[in-house]
Amino acid sequence: QVQLVESGGGLVQAGGSLKLTCTAPGIIFSSNTMAWYRQAPGKQRELVARLTSGGSTNYADFVKGRFTISRDNAKNTVYLQMNSLKPEDTAVYYCNRPFAYVPWGQGTQVTVSS
């Protein structure tokens, strides 16, 4: 029933920006904590940003000050605005409910050239 769909990735030059979008018709984002994760080849998936239903945010140290997670309840959509991108940000980005039993989506590829 639940299908997470990420979009908005692409190829950008270092210092550039991208805005990722997450949709999931089976999840009411306004009532659930949502998060963005990323996974580079050969590495573990890691938490990037987290947004609670109450509006609190948390960011990994390596993106703090550069990335912003947000939500549009009317559109039931979660976003990740990524600025000042670095080559080490290159990864597949996923959204999901933290520690929930929701299958992972396909993710969206972000590639940052140097």
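This dialogue covers the aromatic pairs in a predicted model.

Student: What describes a pair of aromatic rings?

Tutor: The distance of the centres and the angle of the planes describe such a pair. In this structure there are 2 aromatic pairs. One of them is formed by Tyr-37 and Trp-104, with 5.2 Å centre to centre and 85° between the planes. This pair is edge-to-face, because its angle is over 60 degrees.

Student: Where in the chain are Tyr-37 and Trp-104?

Tutor: Tyr-37 belongs to strand β4 (residues 34-39), and Trp-104 to the loop between β9 (91-96) and β10 (108-113). The two are 67 residues apart, and their pair links distant parts of the chain.

Student: Which aromatic pair does Tyr-94 form?

Tutor: Tyr-94 pairs with Trp-104, edge-to-face again, at 5.9 Å centre to centre and 75° between the planes. Tyr-94 lies in strand β9, 10 residues apart from Trp-104 in the loop between β9 and β10. Tyr-37, Tyr-94 and Trp-104 make up one aromatic cluster.

Student: Is Tyr-37 buried or exposed, and why?

Tutor: Buried means under 20% relative accessible area. Tyr-37 has 12% relative accessibility, so Tyr-37 counts as buried. Tyr-94 is buried too, with a relative accessible area of 12%. Trp-104 has 37% and is therefore partly exposed.

Student: Which rings does the charged end of Arg-45 sit over?

Tutor: The rings of Tyr-94 and Trp-104. From the charged end of Arg-45, the distance to the ring centre is 5.2 Å for Tyr-94 and 3.8 Å for Trp-104.

How values were computed
Residues are numbered from 1 along each chain as its sequence is written. This is a predicted model: local features need pLDDT of at least 70, side-chain atom pairs count only at pLDDT 80 or more; totals for chains, interfaces and linings use all residues. Side-chain values use heavy atoms; hydrogens and water are left out. Rings of Phe, Tyr and Trp (its six-membered ring) pair if their centres lie within 6.5 Å; planes under 30 degrees apart count as stacked, over 60 as edge-to-face and the rest as tilted. Helices (H or I, at least four residues) and strands (E, at least two) are DSSP runs, numbered from the N terminus. Buried means under 20% relative accessible area, exposed over 50%, partly exposed in between (1.4 Å probe, protein chains only). A charge sits over a ring if NZ of Lys or CZ of Arg is within 6 Å of the ring centre and within 35 degrees of the ring normal.
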